[in-house]
Amino acid sequence: FDLSINIFSHLYFFFLPLVIVLLFFIMNISKTILTNVFIYPKSTKIPRSYPIIGSYFSIKSNINRRIQWTSEIVLSTLPSLTFTLYRPLGHRHIFTANPSNVEHILKTCFHNYQKGYLGKETLKDLLGNGIFNADGEIWKYQRKLASHEFNSKSLRKFIENVVDVELSDRLIPILAMSASQKSVVDFQDLLQRFTFDNICMVAYGYDPAYLLPSFPEAKFANAFEEVVRISSDRFNSLAPFIWKLKRILNVGSEKKLRVCATQIRDMAKEMIKQKKERSSYNKRSSDDLLSRFLISSSDEQQNMHDEEFIIDIVISFILAGRDTASAALTWFIWLISKNPEVEKEILKEIANTTTSSLTYDEVKDMPYTHASLCESMRLYPPVPVDTKEAMQDDILPDGTFAKKGTRISYHPYAMGRVEEIWGKDWQAFRPERWLKRDVKTGNWKFVPKDPFVYPVFQAGPRVCLGKDMAFLQMKKVVAGVLPRFRFVPVVDKGEEPVLIAYLTIKVKGGLMVRIEERTN
């Protein structure tokens, strides 16, 4: 009898793990059948999901076009415009282009959809607890601090001056030189250099002189580029434990990220040291953000000596201002080159402005140019997808269940392609969809869209603080270069730029253009 008990015990402990694995396998098969056969109709493009590995093969095969791929899937799921992607090991990732869901995530239940552990961990090496990587009270304090500064007229004037100098002293002379030499240049690279110089001046009061005729290498800019690229790879990793293990061992890409992030933060520390040496906390030495935050944060006792706190904030704004405006303007120039009638209307509007160096108030009176930029960002939003994490179980307005810990991404790239919102001509670059004629004057009047239909600048409590400043910069560039130069993309007939995405979108390989100086 004792022998029988021992044999049974051994058999029990031997077969129990197998039974558990078998049950897990059966459950996954059931979920797969339910998902692929019943939940989503065959007309959709939902990728097939398998036990344990989920949609690994579909994700892997579309890794280089994940924005376009997930957009195609979302748009195939009408009317919900939402689908759940099953990642390996049972991880779920919800994608949505449904405006009701977006409003729910960004406003109605804002408290339940935050950056979350994975999001914060991914960008922690660069942003620390900066405003774009923080939740809760830390985020609230930084938001209040930044909001106060961004609403000041003196900062707006400072940004105007910085953009004007960079435009007249660097960008326009380089474009003129290229036109005279009839050379081909990468306009995306020029814009990235232009915006990097601008944001460094605005953030630190520091000029990296990245946009020069010699196109110099800049250690600070290169370090930023590497950190953004590797952080983006982290976000899209099919097996996050691999990069986490590489970080622990300090090898490969994670070692490179650590070196580059250290360079960025060391430079920020040096900037702070110089600011402190030049002035006391109670007297601003410059109008840049660093000087402003040093004064503002000194009023809060808990942050008075927290150097890392200031570094986190300022680096966050460099990241935000570095690629977004350059991405928007790159795709704008491409679209303008294909739509000469739109270009003609923009030139007409610029010609009717009173001065060559536009002020903030004059920029606000350029509705057609504003509409053209908005239309460009509808088709090519600088941040094509933004991801949150559900803090508690919830049900989205369209009925999708969001389990605690689930990643949820709203998809501006897909939302700009929804026929039910933008009409059958959604593929057309048509600024007029943002405009209406004033009955009395006959002039164009800009009509903004619901921010939850067009969340290019986010919406709700986290709406972009630098939105007005971004439009100021972009309009100044357009008004400064378009009347003088024509941009002719160097591409084979019928070819279009290939979109690639890191934290922001880019043109793969750059936007090569030939610059022609206008005769009239």
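This is a predicted model: local features need pLDDT of at least 70, side-chain atom pairs count only at pLDDT 80 or more; totals for chains, interfaces and linings use all residues.

Reader: Where is Cys464 found?
Author: Cys464 lies in the loop that runs between strand S10 (444-446) and helix H19 (467-481).

Reader: Which UniProt annotation covers Cys464?
Author: The annotation "binding site" covers Cys464, and it comes from an unreviewed UniProt entry.

Reader: Let us turn to the sheet. In what order do strands S4, S14 and S11 stand?
Author: The order is S4-S14-S11, in an open sheet of three strands with antiparallel pairing. Strand S4 (184-186) and strand S11 (485-489) each have a single partner strand and stand at the edges, so one side of each is left without a neighbour in the sheet. From one strand to the next, the twist averages 45°.

Reader: Over how many bridges do S4 and S14 pair?
Author: S4 pairs with strand S14 (residues 512-517) over three bridges, in the antiparallel sense. In this pairing, Val185 stands opposite Val513 in S14.

Reader: Which helix packs on that sheet?
Author: Helix H8 (residues 187-204) does, touching S4, S11 and S14. The direction of H8 makes about 50° with that of S4.

Reader: And over how many bridges do S11 and S14 pair?
Author: S11 and S14 are joined over five bridges, again antiparallel. Here Val488 is opposite Arg514 in S14.

Reader: A change of topic: what span should helix H9 have?
Author: Helix H9 (residues 219-235) has 17 residues and should span 24 Å at 1.5 Å a residue. The end C-alpha atoms of H9 are 24 Å apart, which agrees.

Reader: Which residues are buried in H9?
Author: The buried residues of H9 include Phe220, Ala223, Phe224, Val227, Val228, Ile230 and Ser231. Glu226 and Arg234 are also among them. An α-helix has 3.6 residues a turn, so residues three or four places apart point the same way.

Reader: Finally, the whole chain. How many helices and strands does the protein chain have?
Author: The protein chain has 19 helices and 14 strands. Of its 520 residues, 52% count as buried.

Reader: What share of contacts joins residues at least 24 apart?
Author: Among contacts in the protein chain between residues at least 6 apart in sequence, the share is 71%.

Conventions:
Residues are numbered from 1 along each chain as its sequence is written. Side-chain values use heavy atoms; hydrogens and water are left out. Two strands pair if DSSP finds at least two bridges between them. Helices (H or I, at least four residues) and strands (E, at least two) are DSSP runs, numbered from the N terminus. Axes are lines fitted to C-alpha atoms, for helices over the stretch in contact, and angles run from 0 to 180 degrees between N-to-C directions. Contact means heavy atoms within 4.5 Å. UniProt positions are given in the numbering used here, feature names are shortened, and annotations may be inferred rather than shown by experiment. The expected span of a helix is 1.5 Å times one less than its number of residues. Buried means under 20% relative accessible area, exposed over 50%, partly exposed in between (1.4 Å probe, protein chains only).
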